[in-house]
Amino acid sequence: MRGLRGTDGLGRVGVWTFAFEGQPAGRVREAAAEIEELGYGALWYGEAFGRDTVGQAWLLLSATRHLPVASGIANIAYREPLAMANAERTLGEAFPGRYVLGLGGHRVDGTVIEVDGYRVPARGRAVTTMRAYLDAMDAAPAHGPVPDSAPRRLLAALGPKMLGLAAERTGGAHTYFVPVEHTARARAALGPDAFLAVEQAVVLDTDRARARAVAEEHVAGYARVPHQVASLRRLGFDDDDLPPGGPSRRLVDAIVAYGDADVLHARVREHLDAGADHVCVQVLTADGAFPLREWRELAPALTAVPARP
């Protein structure tokens, strides 16, 4: 397996979720422990306006025994580099070899985003800002225990410049909201040695009309976000795919796999064949229902994906 900079050990398929955001801590602990028992290779979680990424990591790591836990992503607009560096050291020392820091922040392009009256700070051009953030993290002094192993970092990356930075400065890249074609391009941009973890959204439902409705809602939300639109346009999607009334069927089918477990397994396999080292599966559900049932049903198919020879 690729991952020559400390990102091995995540297995071939993991779980990616925002579902913990609205759940009480006790239920999160129970679900994380079950995800580990089901055999998934890693547990990824997002950061929005629920739990802080550091607190969420501690909650998940303390609820499991061996499962790697990865931020997907920790938003650099939310905390200073010194705070992030100290958190990374603390988690790495407390849970040796299990914490992977995915860094990103699409709110770094100069656009100020306001959510519920809170203005998320903008930090400047994305690649320049991320490079400076990594420099500051690396320069942060340590006044406490330092883990024996080197930091395990990935960058959220879509475009060629950020992918290049990911390969240059971290273990590799974590891509999100991408079709299989992007995975092939990302592997080419990263080179053969960097680790590539790809998020894949899925709907486990054999009623295709109902599943497609869930998929469309997911895609419609991201298809209005500037950096995601730019990524889609680089891949050849155009105004016909991104109309005001909603995403095209072509776009929805490229981003979300929906159907039975065999269909979802096939999409994961396509990403792996295109150059991904690891695919983290985000289960979408109607009305945002907690996807524990789906994680259970998918485990036999997804955890059986063989390791790279």
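Me: How are α6 and α10 oriented to each other?

Reply: Two packed helices are described by the angle between their axes and the distance between the axes. In this predicted model, the axes of α6 (residues 180-190) and α10 (residues 261-274) come within 8 Å and cross at roughly 20 degrees. The two are therefore roughly parallel (angles under 35 degrees). Their crossing is right-handed. Local features need pLDDT of at least 70, and side-chain atom pairs count only at pLDDT 80 or more. Residues are numbered from 1 along each chain, and side-chain values use heavy atoms, without hydrogens or water.

Me: Which residues in α6 and α10 meet?

Reply: Contact means heavy atoms within 4.5 Å. V180, T183, A184 and R187 in α6 meet R267, E270, H271 and A274 in α10. This set divides into three nonpolar, two polar and three charged residues.

Me: Which residue forms a salt bridge with R187?

Reply: A salt bridge is a side-chain nitrogen of Lys or Arg within 4 Å of a carboxyl oxygen of Asp or Glu. For R187 the partner is D277, with the closest N and O atoms 2.8 Å apart. D277 lies in the loop between α10 and β12 (278-283), 90 residues from R187 in helix α6.

Me: Is D277 buried or exposed?

Reply: Buried means under 20% relative accessible area, exposed over 50%, and partly exposed in between, using a 1.4 Å probe and protein chains only. D277 is buried at 0%, and R187 also counts as buried, at 9%.

Conventions:
Axes are lines fitted to C-alpha atoms, for helices over the stretch in contact, and angles run from 0 to 180 degrees between N-to-C directions. Helices (H or I, at least four residues) and strands (E, at least two) are DSSP runs, numbered from the N terminus. Angles under 35 degrees count as roughly parallel, over 145 as roughly antiparallel, 65 to 115 as roughly perpendicular and the rest as oblique. A crossing is left-handed if the near helix is turned anticlockwise from the far one by less than a right angle, and right-handed if clockwise. Ala, Val, Leu, Ile, Met, Phe, Trp, Tyr, Cys and Pro count as nonpolar, Asp, Glu, Lys and Arg as charged, and the others, Gly among them, as polar.
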